[in-house]
Amino acid sequence: MSNKSKRPVMAYAMIAVLVLVAIAYVARPFLAPKTTVTSPAQPSSPAPNIPQVAVPEFHADSAYLFVKKQVDFGPRVPNTTAHKKCGEWLVKEFKRYGFVVIEQKVSAPYYKGGFLNGVNIIAQYKPELTKRICIAAHWDTRNEAEKDTKDQNKPIDGADDGGSGIGVLLELARTLHQNPVDIGVDLICFDLEDNGDNGGSNDTWCLGSQYWAKNLHRPAYMPYYAVLLDLVGAKGAKFYKEGISMDVAPNLVNKIWDMANVLGYGEYFIPENRGGVTDDHLFVIRHARIPMIDIISLPYEGEKMFGDHHHTHADNMDIIDKNVLKAVGQTMTELIYRTNNGVM
Ligand SMILES: [Zn+2]
C-alpha cells in the first residue's frame, strides 16, 4: 500500500476524531465535573496492571491560590510575625476541611546562635482509622538568599521552597473534604526545615521533622505510604527518582513514577535515578524508621541541582507553574484514591 492511498483514509479518520472532540467539548458543561476518571484514559496506551478507579480532579488553580496566600504573609521565617500568622492560618484552613489538627511546638538550637521556635502542623483526616497515608512538606522559608547576587541577607519569598508543597497539601485537604475516602490521611507541615548551615552539618536542617520523628503524634506510627513534597511548583521542574527514596522504598517510587507517566506527566516525572538529598525524609527514615520518599525537583546535577531560583529572590510567585502543581497534586490524588480502592 502506497502512502498516497492511505491519505483519504487518514483524512476521514481525522474528521471523525475532530467531530468526536467537538461533541465532547460541547457536552462538557453537562457532564458531572466533580469526579472524573483520570486514568488510564487512552486505549492506545494500555496499562494492563492499573485498573480504573474514579479519582477526583486536583484543582491547580486552587493550589496556586494556596501558595499565593502563604507568600502574601511575607517570608515565613521562624521567630517572625509573618511565620506565626501563616501558621495560624494553616491550622484554620485544615480545620475548615474537617481535619483534626495537632500543633506540635518545636524549639531547636539555631546554628548561628539562639533558638528557632516553630510548630509542626499535623492535619489528620479520620484519625480514628488505622490504615493511613502520610504526605508531608515544609512550611517555613529561608531567612537568607545566599545563592543570589544581591540582597543575600534578606529572606526569600519561598513560593516554591516551602509554599508549593503546602499549597498541594491544602488542596488535597479540600479534595478529601469534598470526596470522602475510607482511609486515614495525615498531611504534615514540618517547620524549621530551611534555615540550616549551607555547606555545614546536615543536622542543622530539618529541625522540625527531626523533632517529629523522635516524638511521633501517634504511638508506633507506621503509615501505609509516606511521601514528602519539596520544590514541587516551579517552571521547569524535573522529578527524578531520588537516591534515599530508592534505597528505602523503591517499589513506592516506581509505582508513583509509573502512575504519573500513565497520567501524562512524563515531562516532569523522569524515570531515571539521581543521588540522595538531605531533606525531611532523611530524618523521618533515620529516627522513626518510616520509609518516606521524596518528590523533589532536581533539574540539574551539581551545584545548581535544585534549579536557578533556589535560595534566591527569584523564588517568588513568578516562578510558580500551575502545570507542575497539577502534575504533582493529581498524582498524589491518584495515590490516595487508589489506596482507598485497594489498587495501589
Ligand atoms: Zn530551601
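## Ground rules

Residue numbers start from 1 in each chain, following the sequence as written. Since the model is predicted, local features need pLDDT of at least 70 and side-chain atom pairs count only at pLDDT 80 or more, while totals for chains, interfaces and linings use all residues.

## Confidence

The predictor's per-residue confidence, pLDDT, runs from 0 to 100. For this protein the mean pLDDT is 90, with 85% of residues at 70 or more. Helices (H or I, at least four residues) and strands (E, at least two) are DSSP runs, numbered from the N terminus.

Residues 1-13 have pLDDT below 50, and beyond near neighbours in sequence they make 1 contact in the model. Residues 17-44 also stay under 50, with 21 contacts beyond four places in sequence. A contact here is two residues whose C-beta atoms, placed from the backbone, lie within 7 Å.

Buried takes 20 or more other C-beta atoms within 10 Å of a residue's own, exposed takes 12 or fewer, and partly exposed is in between, with C-beta atoms placed from the backbone.

Strands count as paired if DSSP finds at least two bridges between them. E4 (residues 115-125) pairs with E6 in the antiparallel sense over 5 bridges; Gln124 has Asp186 of E6 as its bridge partner. E5 (residues 132-138) runs parallel to E6 over 7 bridges, with Ile133 bridged to Val185. Getting from E5 to E6, the chain passes through helix H4 (residues 159-178) in a right-handed β-α-β crossover (clockwise from the first strand over the helix to the second, with the strands pointing away from the viewer).

## Helix H3

The buried residues of H3 (residues 81-96) are His83, Cys86, Gly87, Leu90, Glu93 and Phe94. Viewed down the helix axis, they fall within an arc of 125 degrees, so they line one face of H3; the arc is that of the directions from the axis to the C-beta atoms. These buried residues pack against helix H2 (60-72), strand E3 (100-109), E4, H4 and E6.

The face turned away from the buried side carries the exposed residues Thr81, Lys92 and Arg96. After H3 comes Gly98, with a positive phi near 85 degrees.

Notes
Expected span 1.5 Å × (residues − 1).
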